[in-house]
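Hi,

Here is the structure I promised to pass on. My notes on it follow below.

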Amino acid sequence: MEIVRVNKVKKVYQMGELSFTALCGVDLVVRTGEFLALAGPSGSGKTTLLNLIGCLDHPTTGEIFLEEESIANLSPDQLADLRKKKLGFIFQSFNLIPVLTAFENVEYPLIINKVKPAERRKRVSKILSEVGLGDKLTNFPHQLSGGQQQRVSIARALVHQPALVLADEPTANLDSQTGQEIVSLMQQLNQDQGVSFIFATHDQRIIERAARVVNLVDGKIA
Ligand SMILES: Nc1ncnc2c1ncn2[C@@H]1O[C@H](COP(=O)(O)OP(=O)(O)OP(=O)(O)O)[C@@H](O)[C@H]1O
Ligand SMILES: [Mg+2]
């Protein structure tokens, strides 16, 4: 099955009188279960494309389909619902909530999805031990290393069993050894749970680990 279809997508950012075309006619199909790297130089449009696929922004022209359904005519509420049920996000800067423990950060998407407390405890404990943090449940983000914080954010992205995880430079703030470990973890979760991954990166060693690489250059797929 197709998880994502990007059809002739153009994105123009408008800044007062000035405009900038960040994507100019991108076509891309991602199949369910893929582990796909989005590569390309700084400014080539990787984050722009991830934001469009993640329903965080709208294309200027063209259309995006998630699981073969167009997202063009969904209301803001329907988009929010789709994001919280079907998508997981991993960011360069981890974006954990500083006043919540590792456990509570991972529990949060389940609360939003109205999962019952007993089921939440079971799922949060399970995924945190899968990412190797079974002994850090009560640590706050500042009591964790960068790699451990990114593991928490991977657990948070996956705990509600999304169909697709979007990761924007997930290893950029990590040393190269830890970055490799984080990619291995994502790869393992991709294989074990069948979750599709699209991740943007400039890191050549990480690009080499992807099953498929899509190169963006000046807003076009090269
Ligand atoms: N909100 C915005 N308003 C105006 N221009 C923007 C906006 N967001 C991005 N751009 C421009 O669009 C282009 C693509 O940006 P984007 O963030 O998608 O690149 P990127 O490939 O993710 O780069 P990097 O590797 O540095 O993260 C850049 O030239 C950027 O300056
Ligand atoms: Mg970017």
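Let's start at the ligand: H1 gives the most residues to the shell around ligand 1, namely three (helices, H or I of at least four residues, and strands, E of at least two, are DSSP runs numbered from the N terminus). Before going further: this is a predicted model, where local features need pLDDT of at least 70, side-chain atom pairs count only at pLDDT 80 or more, and totals for chains, interfaces and linings use all residues. Residues are numbered from 1 along each chain as its sequence is written, with chains lettered from A and ligands numbered from 1 in the order in which they are written.

There are 13 residues around ligand 1, and Tyr13, Ala22, Ser42, Thr47 and Thr48 come nearest (near means a C-beta atom, placed from the backbone, within 6 Å). Strand E1 (2-15), strand E2 (18-31) and helix H1 (46-53) each give two or more residues to that shell.

Next, the sheet. It is open, with six strands in the order E6-E7-E8-E3-E9-E10 and mixed pairing (a pair needs at least two DSSP bridges). Strands E6 (87-91) and E10 (220-221) are at the edges with a single partner strand each, so one side of each has no neighbour in the sheet. E6 runs parallel to E7 (residues 164-168) over five bridges, and Phe91 sits opposite Asp168 in E7.

Cheers
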